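This report goes through a set of computed features, one topic at a time. The sequence and the structure come first.

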Amino acid sequence: MRYIAKQWFVLLTLLVFLAVIITLTMATGDFKMTPAQFIRTLFGYGDTTETMILYEFRLPRLLITVFSGIALALSGALLQSITKNPLADPGIMGINAGSGFFIALLMIFIPVDSNNFVYILPLLSMIGAIITVIAVLKLSYEPISGINPVKMILIGVGLSTALAGAMMMMTSTFNKEDVEFITKWLSGDIWGDSWPFVLMIATIMALTIPYIIYKLNVLNILNTHDHISTSVGIDLPVARRNIVIASVVLCASAVSVCGSIAFVGLISPHIARRLVGSRHQKFIPVTIVLGAILLSFADMVGRLFITATNIPAGIVVSIIGAPYFLYLMRKNL
């Protein structure tokens with residue numbers, strides 16, 4: 001009972017913190033709103049200007065940021081559980097770079113109608129992400145010991161660097177607008193801040209998260225030795241494949257609208273486990289809220305407090321996450 005109370009206390013505290021960030025994000029900017037104005041406008045009692053600012057600009061961006069943070073954090077938690085590697089993260093494993101590479105290919109070889117961009121972009125992002133994660137896992141797998149954590153990190157970082165370099169090389173064939181888009185994407189600048197993109201990522205999450213919730217007990221068992229998993233009737237290859245696909249789909253949907261953002265999927269599960277323990281039913285909800293907090297806070301800081309020219313959220317997250325990654329590297333390797 002004490003552990004359940006602790007979990008709910010942590011979760012409610014984080015939700016309050018997230019609510020504070022949301023209120024600050026909605027109320028601050030070039031057009032100032034008091035928290036009272038924000039709440040009044042949210043419920044349909046604002047004037048024409050307040051309603052337009054909130055519903056056409058700020059609210060879609062906020063929802064994209066929150067949903068992307070949730071997707072990246074949950075993706076990282078799944079990858080860490082499946083690989084049994086505390087350093088697993090979509091960005092470090094090259095998934096972000098794989099998504100970006102296929103997006104760049106799309107922009108070079110396929111003329112895309114802007115009305116269909118919202119549908120084609122996530123699909124290409126997912127294909128690139130799946131191919132990349134399969135390559136990283138295959139190359140880092142050892143027949144006796146399984147996935148080697150050191151090899152996985154080195155291969156992921158190397159592949160990310162190679163794909164990012166290939167993306168930059170391909171920009172020589174782009175027009176000015178496409179170059180600016182790729183540059184923003186690589187820096188983790190949240191760009192897909194419109195309602196069609198909100199609907200896209202919300203739909204993918206609505207289809208994926210219930211499956212993950214259904215598999216939480218399986219994830220607990222997969223975190224033990226393989227012979228325990230097989231003894232209770234779990235088909236290891238199928239279970240791992242399906243959960244990796246769910247992880248990649250979540251990550252790809254997020255990076256397709258917010259660019260290459262690393263470390264959210266690394267930091268959030270680690271902090272959640274420290275707060276409430278390693279059982280998935282306990283730390284997954286906390287991980288989700290932490291992911292939303294981290295990315296929305298980074299976006300708010302980059303837009304409002306550092307400079308008037310907007311620092312991408314991906315750079316702010318990297319400033320926070322890189323030291324934490326080095327700490328984990330020192331602790332676990």
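## Helix α4

Helix α4 is largely enclosed by the rest of the structure, because 11 of its 15 residues are buried. Buried means under 20% relative accessible area, exposed means over 50%, and partly exposed lies in between, with a 1.4 Å probe and protein chains only. The buried residues of α4 are Ile95, Asn96, Ala97, Gly98, Ser99, Gly100, Phe101, Ile103, Ala104, Leu106 and Met107. Helices here are DSSP runs (H or I, at least four residues), numbered from the N terminus.

The helix covers residues 95–109, and at 1.5 Å a residue its 15 residues should span 21 Å. The expected span is 1.5 Å times one less than the number of residues.

## Basis of the model

The model is predicted: local features need pLDDT of at least 70 and side-chain atom pairs count only at pLDDT 80 or more, while totals for chains, interfaces and linings use all residues. Residues are numbered from 1 along each chain as its sequence is written, and side-chain values use heavy atoms, with hydrogens and water left out.

## Salt bridges

How many salt bridges does the structure hold? There are 2 salt bridges, a salt bridge being a side-chain nitrogen of Lys or Arg within 4 Å of a carboxyl oxygen of Asp or Glu. One of them joins the side chains of Glu50 and Arg40, at 3.4 Å from N to O. Glu50 lies in helix α3 and Arg40 in helix α2 (residues 35–42), so this pair ties together parts that are 10 residues apart in sequence. Glu50 counts as buried, at 4% relative accessibility, whereas Arg40 counts as partly exposed, at 35%.

Asp299 and Arg61 also form a salt bridge, and their closest N and O atoms are 2.8 Å apart. Because Asp299 lies in helix α13 and Arg61 in helix α3, the pair ties together parts that are 238 residues apart in sequence. Both Asp299 and Arg61 are buried.

## Cavity and pocket

The structure holds 1 cavity of 30 Å³ or more. On a 1 Å grid over the protein atoms alone, a cavity is a set of points where a 1.4 Å probe fits but cannot get out; a pocket is an open set with protein on both sides within 12 Å along at least five of seven lines, and lining residues have an atom within 4 Å of a point. A volume is the space filled by probe spheres set on the grid points, which are joined across faces, edges and corners. The largest cavity holds about 30 Å³ of space. Its lining is made by Thr25, Arg61, Leu62, Thr65, Ser296, Asp299, Met300 and Arg303. Helices α3 and α13 each supply at least two residues of this lining, and the largest share, 4 residues, comes from α13.

The second largest pocket has a volume of about 480 Å³. It is lined by 21 residues, of which Asp30, Arg61, Arg303, Leu304 and Asn310 are the closest to its centre. At least two lining residues come from each of α1, α3 (48–83) and α13 (280–305). Here the largest share, 4 residues, comes from α3.

## A nonpolar surface patch

Val16, Phe17, Val20 and Leu24 make a nonpolar surface patch of about 340 Å². Patches consist of residues with over 30% relative accessible area and no salt bridge; like charges are joined within 9 Å, and nonpolar side chains (Val, Leu, Ile, Met, Phe, Trp, Tyr) within 5 Å. Areas come from the Shrake-Rupley method with a 1.4 Å probe, and for residues only the protein chains shown count as cover. Val16 belongs to helix α1 (residues 2–27) and is exposed, with a relative accessible area of 54%.

## Single residues

At 36% relative accessibility, Lys84 counts as partly exposed. Phe263 is buried, with a relative accessible area of 12%.

Val317 is placed in helix α14 (residues 313–332) and counts as buried at 0% relative accessibility. The C-alpha atoms of Val317 and Leu294 are separated by 7.5 Å, while the two residues are 23 residues apart along the chain.
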